[in-house]
Amino acid sequence: MDQQAYNKIEQPSSLCELSSHRDVLGSTTLQAENIPSALLDKMEEAITHYPVSKRSAVLPLLHLWQNHFSFIDESGINWIAAKLELNSIAILELVTFYPWFRQKAPGKTIIRVCRTLSCALAGSYEVHEKFCKSAGIDSTCEGHHEIPTSPDGKFSVEFVECLASCGSAPVCLVNKDLVERVSLQDAEEIIKKNS
Ligand code: FES
């Protein structure tokens, strides 16, 4: 859809229920009011990779934003839209389309359990269940953009697809670290270690 078509879409007064960054501790701050210069520099640099149309920098900017803030609030959507001269709805469409992008804060430790065939056959569903149980998370409540998080805000656990380590299934990512051949006992210990 081109910009003209977007312009014809009436902008909602509130893009979503998110009007602020409510972190796990309950404080409220707008992400766009707290952009560090290092993040700003990275976003400016990313935009230079798209000299023909800076709008093409939208996904890199969303990744940079989420890497820094851990999720993307409404102020972030509006800020990126303004920066790339797009309507906010265009950014919201992307954020809500890709499950990777989150609109709510995840736990401090994010555990991603592979559920693709090799890992599923090797017991990843049981491992996921164990992680959830040990962290106090309801394993049945998995939202598209709201990663299931423990009540104390320490853990989020979600399923992901193949992590490209099928030979050492079942595997999971604990934040950025790949853990191979995860047993139920390993899962319990990972939760204890990060509590
Ligand atoms: S199936 Fe799990 S890493 Fe490939």
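## Basis of the description

Helices (H or I, at least four residues) and strands (E, at least two) are DSSP runs, numbered from the N terminus. The model is a predicted one, in which local features need pLDDT of at least 70 and side-chain atom pairs count only at pLDDT 80 or more, while totals for chains, interfaces and linings use all residues. Residues are numbered from 1 along each chain as its sequence is written.

## Overall make-up

The protein has 8 helices and 6 strands, and read along the sequence these follow the pattern α-β-β-α-α-α-α-β-α-α-β-β-β-α. Of its 195 residues, 31% count as buried, where buried means that 20 or more other C-beta atoms lie within 10 Å of the residue's own, exposed means 12 or fewer, and partly exposed lies in between, with C-beta atoms placed from the backbone. Contacts join residues whose C-beta atoms, placed from the backbone, lie within 7 Å; among the contacts with a separation of 6 or more, residues 24 or more positions apart account for 60%.

Helix H2 covers residues 37-48, and its 12 residues reach 17 Å from the first C-alpha to the last, close to the 16 Å expected at 1.5 Å a residue; the expected span is 1.5 Å times one less than the number of residues. H2 is hardly covered, since the count of buried residues among its 12 residues is 1.

Helix H3 (residues 58-69) and helix H4 (residues 74-84) pack at an angle of about 145°, with their axes 11 Å apart. The axes are lines fitted to C-alpha atoms, for helices over the stretch in contact, and the angles run from 0 to 180 degrees between N-to-C directions. H3 passes H4 in a right-handed crossing, a term used if the near helix is turned clockwise from the far one by less than a right angle, with anticlockwise giving a left-handed crossing. On the H3 side the contact is made by Val 58, Leu 61, Leu 62, Trp 65 and Phe 69, and on the H4 side by Gly 76, Ile 80 and Leu 84.

## The mixed sheet

An open sheet is formed by 4 strands in the order E4-E3-E5-E6, and its pairing is mixed; two strands pair if DSSP finds at least two bridges between them. The edge strands, each pairing on one side only, are E4 and strand E6 (177-179). Neighbouring strands of this sheet are turned by 25° against each other on average, direction ignored.

E3 and E4 run parallel and are joined by 6 bridges, whereas E3 and E5 pair in the antiparallel sense over 3 bridges. Arg 112 takes part on both sides, with Glu 158 as its bridge partner in E4 and Leu 173 standing opposite in E5. E5 and E6 run antiparallel and are joined by 3 bridges, and here Cys 172 stands opposite Val 179 in E6.

A nonpolar core is a set of buried Ala, Val, Leu, Ile, Met, Phe, Trp, Tyr and Cys residues joined through C-beta atoms within 7 Å. The largest has 20 residues, and those with the most contacts inside it are Ile 111, Val 113, Phe 131, Ala 135, Val 157, Val 171 and Cys 172. Two or more residues each come from strand E3 (109-114), H7, strand E4 (155-160), strand E5 (172-174) and helix H8 (184-194), and H7 gives the most, with 4 residues. Leaving aside neighbours within four places in sequence, Val 113 is in contact with Ser 124, Val 127, His 128, Phe 131, Val 157, Phe 159, Val 160 and Cys 172. Apart from this core lies another, of 17 residues, among them Phe 71, Ile 72, Trp 79 and Ala 81.

Lys 130 lies in helix H7 (residues 124-135) and counts as buried because it has 23 C-beta neighbours inside 10 Å. Not counting residues up to four places away in sequence, Lys 130 touches Leu 184, Ala 187 and Glu 188. The C-alpha atoms of Lys 130 and Glu 188 are separated by 6.9 Å, although these residues are 58 residues apart along the chain.

## Backbone details in the loops

Most residues other than glycine have a negative phi, and most peptide bonds are trans. A cis peptide bond, with omega about -5°, joins Ala 169 and Pro 170, and Pro 170 lies in the loop between E4 and E5.

Ala 164, found in that loop between E4 and E5, has a positive phi of about 60° although it is not a glycine; Ala 164 counts as exposed because it has 10 C-beta neighbours inside 10 Å. Arg 181, placed in the loop between E6 and H8, likewise is not a glycine and has a positive phi of about 45°, and with 13 other C-beta atoms within 10 Å Arg 181 is partly exposed.

Terms used: Two residues are in contact if their C-beta atoms, placed from the backbone, lie within 7 Å.
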